[in-house]
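Here is a short report on one structure. Please keep the sequence and the model open while you read.

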Amino acid sequence: MTSPVKVQIEKPFVQTEAKPQPRVLCIAPAWNEGERIKRVVEAVPQDCVETTVVVDDGSVDSTSAYAEAAGALVLGDGNNHGVGAAIRRGIDYAMTNGYDIVVVVSGGGKTPPEQIPRLLAPILQGEAELVQGSRYKAGGEFLRMPWRRKFGTRGYTLLFSLFCGRRVTDASSGFRAIKLSLFEDQRINLWQDWLDRYELEPYLLFKALRLRHQVVEVPVTIEYPQEDDGIAYTKMRALVDWWKIFRPILFLGLGLKK
Ligand SMILES: Nc1nc2c(ncn2[C@@H]2O[C@H](COP(=O)(O)OP(=O)(O)OP(=O)(O)O)[C@@H](O)[C@H]2O)c(=O)[nH]1
Ligand SMILES: [Mg+2]
């Protein structure tokens, strides 16, 4: 008796191409933030952020050493150029090195990096190009925020929405995620000298909204320092720096700048 011939049926080889994960870079501008920058860098979730870049904007303290010790890549030329120039430098680095998304956090710790996944989610789901963290959207929070800031951020947001013609709940927050493909739109030009200081952040939000890009606000917690930390809650100077956040909305709203 002959034994039955075993026929082995081979499963067809189907190559399932895994979609490459978008590469995310976190940018923390820092100017004399000392040990606070270490806490910020350490809190960046490593499962969704590949690299954290601290742009040391000419600090005269140990900001760079703390950032490096915490595992960040430190950029900077030893001079102070302003927070806008620092963010732009981080974006340039991300573009040159093939990243897809950047997340901007405060080097002073007001924007807890643990919340980065909330900012990334709408971009990863294909629903946003710019995600703005909002303390005033339902579910958002602000801890220890001085009354002057409550008044200032609310008033500023109202003016911003009026000039922009699009309603937002928190225009003054710098906690955001940006899909780098947004900058393929040549009408958004961060590479202008007048944006070097506090102007760049409102400029970007204003332009993205006006040009009808996908902008989504997500609720976040903004944390002001403890009273007994003995540190100022902001480095912004009254009037001079308020003008710097106001002028982009005025200039763009009136069509005086691009
Ligand atoms: N004021 C100021 N901040 C800078 C500069 N360069 C980098 N930074 C950093 O940019 C962020 C801006 O901080 P602040 O000036 O306190 O402004 P803020 O909007 O009240 O605070 P954040 O929530 O930290 O953005 C901090 O992380 C600073 O360390 C600069 O030239 N001036
Ligand atoms: Mg800010």
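How far is a backbone N or O atom of glycine 107 from an oxygen atom of ligand 1? The separation is 2.9 Å. This value, like the others here, comes from a predicted model.

## The ligand site

Tyrosine 198 places a side-chain N or O atom 2.3 Å from an oxygen atom of the ligand. Threonine 234 has a polar side-chain atom 2.7 Å from a ligand oxygen. On its own, ligand 1 has 580 Å² of accessible area, and the protein covers 89% of it.

The shell around ligand 1 holds 18 residues. Glu33, Asp57, Ser106, Tyr198 and Thr234 come nearest.

## Glutamate 33 and its partners

Glutamate 33 is among the residues that come nearest to ligand 1. Glutamate 33 also forms a salt bridge with lysine 235, and the closest N and O atoms are 2.5 Å apart. This pair joins distant parts of the chain, 202 residues apart. Glutamate 33 sits in the loop between strand E1 (24–30) and helix H1 (36–42). Lysine 235 sits in the loop between strand E9 (221–223) and helix H7 (240–253).

Are the two partners buried or partly exposed? Glutamate 33 has 12% relative accessibility, so it counts as buried. Lysine 235 has 33%, so it counts as partly exposed.

## Other salt bridges

Side chains of opposite charge can pair when their charged atoms come close. The model has 11 salt bridges. One of them pairs aspartate 196 with arginine 88, with 2.9 Å between the closest N and O atoms. Aspartate 196 lies in the loop between strand E7 (176–179) and helix H6 (200–210), and arginine 88 lies in helix H3 (residues 83–96), so the bridge ties together parts 108 residues apart in sequence. Arginine 88 is buried, because its relative accessibility is 11%, under the 20% cut-off.

Arginine 237 and aspartate 241 form another salt bridge, at 3.0 Å from N to O. Arginine 237 is partly exposed at 46% relative accessibility. Aspartate 241 is buried at 3%. Bridges that share partners also build a network, which joins Glu33, Arg36 and Lys235.

## Helix H5 and the surface

Where does leucine 159 lie? Leucine 159 is in helix H5, which spans residues 147–164. Its relative accessibility is 35%, so leucine 159 counts as partly exposed. Leu159 forms a nonpolar surface patch with Leu158 and Leu162. Together the three have about 310 Å² of accessible area.

Tryptophan 147 is in helix H5 as well. Is tryptophan 147 buried or exposed? Tryptophan 147 is exposed, because its relative accessible area is 62%, over the 50% cut-off. From tryptophan 147 to arginine 167 the C-alpha to C-alpha distance is 23 Å, and the two are 20 residues apart in sequence.

Note on methods: Residues numbered from 1 in each chain as written. Chains lettered and ligands numbered in written order. Predicted model: local features only at pLDDT ≥ 70, side-chain atom pairs only at ≥ 80, totals over all residues. Heavy atoms only, no water. Patch = residues over 30% accessible without salt bridge, like charges linked within 9 Å, V, L, I, M, F, W, Y side chains within 5 Å. Areas by Shrake-Rupley, 256 points an atom, 1.4 Å probe, with all protein chains shown as cover. Salt bridge = Lys/Arg side-chain N within 4 Å of Asp/Glu carboxyl O. Helix = DSSP H or I, 4+ residues; strand = E, 2+ residues; numbered from the N terminus. Buried < 20%, exposed > 50% of the residue type's maximum accessible area, 1.4 Å probe, protein only. Near = heavy atom within 4 Å. Polar contact = N/O pair within 3.5 Å; in protein donor to acceptor, adjacent residues only side chain to side chain.
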